[in-house]
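Please read it beside the sequence and the model.

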Amino acid sequence: MNMIVTSLLVLLGVLIGTYCVAVLQHLVLLGPRHIGTAFLLPASRAMLLLRQENLQPRGADSLLFRSAPLLALSVVALVSLVLPLGPNLIGFDPSIGLFYFLVLLSPFVVALMNAGWSSNTRVGLFGTFRAAAYLVSYEVPIGFAAIGPVMAAQSLSTQHIVASQAGLWYVVWQPLGLVIYVLAALIMTFRHPFESALSGSELEGGVLAEYTGPRLLLFQVALDAIFLVLIGMGVVLFFGGWQGPGLPAPLWFALKTLALAALVLWGARFLPSLRHDQILSLSWKMLLPASLVNITLVGILTLVLTGGSR
């Protein structure tokens, strides 16, 4: 299949999945008896924002302020291209696909920093520093958590990582890596209980405090989409990606991704919100050491499971 066509199909799948994530968030809050309401709420809120005026603070850096949402969406689009939705359904499959994915997450930090810094307000500035601290701190644990599947598959290609799990999903013998990955993904996308950079009660919206109308909608879409993409990569790394019996490969990938997203969002709602210092302590004092332990365990288990042949 033509690379341009497959890329467009992948992006379409991510767009549909992003709406499903927004529905899941409302469903977790409202409960299963409000499925219809949860399904319609994202669309109604999007229509409301589209009707609002795009306001800009006085003294803001116009170029950075206006381009920040577009930069965030561009990052989502680029990292989505290495998600394998099926054996032949991937935007492109470089031999260093996972490395490409992790490296291109960094400009998402730049987009959020541009949003807060360019607004030229105190709230935006505080939110910028918090968002940057979280994203920089948790890129290290999420990268280390991804090393386990790379060690087992002996490849950075996302398609090869999926193919190497044909006999046994990596989550079976790398559960610690999955926990570290999911926690880091929650924090990098400012989900509860790690939402203090966007806190409405403390920072009045944080880095997005001055955004309204379509620009705010674009940022909300980008945050939901980057969460979906990170969860999708978690499925690739730990749950065998698109593999499964009976159903088409893209459907298996979609079901696994939405199931993991629903489980993560549902489990997170029971956790208490953490302060800024607690979030950073969790990264450097707990997740980082745990990720090093995970790498050691995966190395030992890889030797045991392969009989030392690698």
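The contact, meaning heavy atoms within 4.5 Å, is made by Cys20, Val21, Leu24, Gln25 and Val28 of α1 and by Leu258, Ala261, Ala262, Leu265 and Trp266 of α10. Nine of these contact residues are nonpolar, one is polar and none is charged, where Ala, Val, Leu, Ile, Met, Phe, Trp, Tyr, Cys and Pro count as nonpolar, Asp, Glu, Lys and Arg as charged, and the others, Gly among them, as polar. The axes of α1 and α10 come within 10 Å and cross at roughly 35°; axes are lines fitted to C-alpha atoms, for helices over the stretch in contact, with angles running from 0 to 180 degrees between N-to-C directions. Helices are DSSP runs (H or I, at least four residues), numbered from the N terminus, as are strands (E, at least two).

Residues are numbered from 1 along each chain as its sequence is written. The model is predicted, so that local features need pLDDT of at least 70 and side-chain atom pairs count only at pLDDT 80 or more, while totals for chains, interfaces and linings use all residues, and side-chain values use heavy atoms, with hydrogens and water left out.

A search of the whole structure finds eight aromatic pairs, in which rings of Phe, Tyr and Trp (its six-membered ring) have centres within 6.5 Å, with planes under 30 degrees apart counted as stacked, over 60 as edge-to-face and the rest as tilted. The rings of Tyr19 and Phe39 have centres 5.8 Å apart and planes at 75°, so this pair is edge-to-face. Because Tyr19 lies in helix α1 and Phe39 in helix α2, the pair ties together parts that are 20 residues apart in sequence.

Grid points are joined across faces, edges and corners, and a volume is the space filled by probe spheres set on the points.

| Space | Volume | Lining by class |
|---|---|---|
| Largest pocket | about 1,100 Å³ | 18 nonpolar, eight polar, five charged residues |
| Second largest pocket | about 360 Å³ | 14 nonpolar, four polar, no charged residues |
| Largest cavity | about 50 Å³ | seven nonpolar, one polar, no charged residues |

For the largest pocket, of about 1,100 Å³, the closest of the 31 lining residues to the centre are Gln25, His26, Arg191, Gln220 and Asp224. Its largest share of lining, eight residues, comes from α1. In the second largest pocket, α1 again gives the most, with seven residues, and Gly13, Val14, Gly17, Leu85 and Ala254 lie nearest the centre.

The largest cavity is lined by Leu105, Phe108, Val109, Leu135, Met188, Thr189, Ile226 and Leu230, with α5 (106-118) and α9 as the elements that give two or more residues.

Terms used
1 Å grid on protein atoms, 1.4 Å probe; cavity = no way out; pocket = protein on both sides within 12 Å on 5 of 7 lines; lining within 4 Å.
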